[in-house]
Amino acid sequence: MKITIHRGTNQIGGCVTEYEHNGWHLFVDYGDELSGGPKTGELQVEGLTHGDLSKSALLITHYHGDHIGSITKLPEKLPIYMGEVAREIQLVLSNHLKTVIPAHNEMVKLLQSVKTFEAGKDFAFGPFNIRPVTVDHSAFDAYAFRIEVDGVSAYHTGDFRLHGFRSSKFFKMLEQYVGKVDYVVCEATNILRPNATSKKESALQREFESLFKEKKSTVVYLSSTNIDRLFSLYHAALKAGRPFYVDKYQKDMMDVVVNSKSMWTKSSLYQYGKYEPEELMYNKFDKNRFFVSDSFKEYLDKKGYVIIARSSERFDDLLEHIPGEKQKVLSMWNGYVKEGTEAYNENLANSLEGEYDYMHTSGHIDMKDLSKFFHQLQPKAIIPIHTDNPDDFAKLFCDEWPVIMLYDGQSISPISISTADSCRTSIFCTKVLEDGMVYENREEWEEAHGLDVKSIGAFKTIEDSKFALDHTLYRPAAIVGYEIEEEEDLSPFKIQTFDAIKNLLAAYTHGGHQPGGAKYQEACRFAAGGKALAVFQAPYYAVVPVKVIGAITPDSEREYWEKDEFYDTYEDYVKDWDDWHWDSVVVHPLVKLKSKYEQMTDTEIVPRVYLFPYGNTDE
Ligand SMILES: [Zn+2]
Ligand SMILES: [Zn+2]
């Protein structure tokens with residue numbers, strides 16, 4: 001599977017990701033860049049914006065403009081998939097906006113041919129298996145995707161959070177529908193917004209309920225498609241005994257949700273209670289105004305109200321003509337009203353004029369929840385997108401997870417680790433040694449560590465592996481080095497090892513290492529008597545300081561044979577040694593270890609490429 005981030009490695013808006021295999025292209029999202037963010041301009045992507053589309057499809061995670069906004073610019077015959085209710089909501093939105101933004105006419109037309117998928121129901125596209133996973137976000141009917149092809153799996157998070165109404169069962173759902181995956185292509189919106197409150201949506205609802213009880217008349221500004229907040233406010237108003245008003249457009253949107261067959265609408269949150277939200281009436285003679293009769297004013301004066309407003313002339317006019325002290329509340333990202341920023345929305349700021357309360361919680365996951373989320377999925381690596389600071393994101397998570405940082409347009413191409421001829425790419429780190437393994441410390445200050453091998457996956461070529469390694473940031477307590485191993489017939493064919501700062505340390509290529517061979521006793525980086533760190537695999541799995549003696553020779557092997565009781569003759573003993581074995585170095589372990597099965601002696605042998613610089617771990 002080739003994963004390409006065409007856009008979004010260093011910006012929030014307009015992420016476009018491609019999953020490709022054998023000429024089949026599965027794209028995720030094709031939205032607008034944010035008005036306040038950086039601009040990369042029109043994308044040119046083979047198989048998406050032009051070229052052969054016969055093996056291409058586009059998945060839409062949710063209806064926010066930065067994910068869907070540009071789909072009308074794509075060739076007509078490209079198949080597009082999205083959630084059914086999301087499509088309905090987008091339709092209401094586009095029908096509403098088309099009078100002012102003509103491009104929405106195109107969107108309305110295009111939505112007729114958009115295919116829909118269902119939560120938890122797998123579908124195939126070419127060789128891909130796609131499982132839509134419903135997630136909580138400030139957009140309703142939003143999805144993540146588990147995408148699998150040829151033994152490699154990825155989880156594309158879309159925008160999501162764990163503090164919403166629909167988040168409580170998320171981990172259970174992940175366990176059931178996603179399991180563990182190889183790679184997570186993850187939204188990292190809130191990395192630069194540590195203060196973006198991740199208050200629970202339910203706690204925010206209680207605050208609104210108290211406010212509605214306390215203040216007789218409240219006007220709340222929120223995004224018209226923030227469905228969960230909208231229903232939350234509606235039920236809070238019901239509980240507080242205040243009439244709840246929306247305009248026809250907003251009521252249409254609520255009706256779509258209430259009448260949908262979405263699995264969520266069984267929840268009472270998305271049902272109407274004692275009375276439905278009331279629709280503000282339009283003025284028959286002036287479409288730019290609502291109709292405000294004397295009896296309406298009287299009623300509002302008596303009962304109070306909660307009005308869901310947007311910044312528009314019509315709402316501004318309404319507020320001028322109705323009674324009450326009008327507590328205004330901003331319930332969306334406050335970046336829109338910060339003067340001097342590019343996202344600044346002057347109309348909204350004007351509508352809010354004077355004093356207002358800010359009551360909001362982010363639609364995006366916070367970093368603490370992300371950490372829990374990664375622990376559940378146990379990925380080999382994380383690829384951040386939808387972020388304006390991938391560096392900080394990588395720094396925050398790289399002590400626990402390899403983070404692959406790409407630039408727009410770059411790809412990684414992992415293949416199944418069970419593919420016969422593959423290059424496995426691993427990071428050697430230290431961890432605490434298991435209790436009781438040290439059997440003799442020859443010099444008291446020397447210390448052995450446990451070996452923690454973190455695989456970031458398998459790749460077709462050493463170049464692909466090296467590219468992935470070069471773009472990976474992983475800094476647990478200490479890194480010893482990196483390894484790319486190409487196997488053939490279950491034994492190493494090519495190995496490259498790199499030091500902790502990714503400089504090539506040693507390379508092994510099969511052939512010529514037997515006594516008499518062209519590469520016999522290939523030069524070791526470490527002189528006899530020098531110290532090094534040796535990586536021991538089975539049965540010790542340890543990183544041990546050693547003193548180098550020299551390359552193995554038939555004589556040194558003879559010593560081993562003498563200690564071995566299994567082989568009758570030396571010839572029998574060395575008969576099966578393959579090329580790889582003869583490229584080893586004899587060392588004195590400075591800390592001797594024992595495992596359940598054996599213990600180290602005064603001399604041990606270590607593959608030459610597994611000797612790393614002494615005291616040079618990346619701590
Ligand atoms: Zn979104
Ligand atoms: Zn987004």
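## About the model

Residues count from 1 along each chain as its sequence is written, and chains are lettered from A and ligands numbered from 1 in the order in which they are written. In this predicted model, local features need pLDDT of at least 70 and side-chain atom pairs count only at pLDDT 80 or more, while totals for chains, interfaces and linings use all residues.

## The core

The largest nonpolar core has 159 residues, and Ile383 and Ala534 touch the most other members. Such a core is a set of buried Ala, Val, Leu, Ile, Met, Phe, Trp, Tyr and Cys residues joined through C-beta atoms within 7 Å; buried means that 20 or more other C-beta atoms, placed from the backbone, lie within 10 Å of a residue's own.

Leaving aside residues up to four places away in sequence, Ala534 touches Val544, Val546, Val587, Val606, Tyr610 and Leu611 (touching means C-beta atoms, placed from the backbone, within 7 Å).

## The open sheet

Look next for seven strands in the order β6-β5-β4-β3-β2-β1-β20, with mixed pairing. Strands are DSSP runs of E with at least two residues, and two of them pair if DSSP finds at least two bridges between them. The edges are β6 (115-117) and β20 (411-412), each pairing on one side only.

## Strand β30

Seven of the ten residues of β30 (residues 542-551) are buried. Antiparallel partners of β30 include β29 (residues 531-536), joined by six bridges, and β31 (residues 584-589), joined by five. Val548 has Val587 in β31 as its bridge partner.

Terms used
A residue is buried if 20 or more other C-beta atoms lie within 10 Å of its own, exposed if 12 or fewer, and partly exposed in between; C-beta atoms are placed from the backbone. Two residues are in contact if their C-beta atoms, placed from the backbone, lie within 7 Å. Helices (H or I, at least four residues) and strands (E, at least two) are DSSP runs, numbered from the N terminus.
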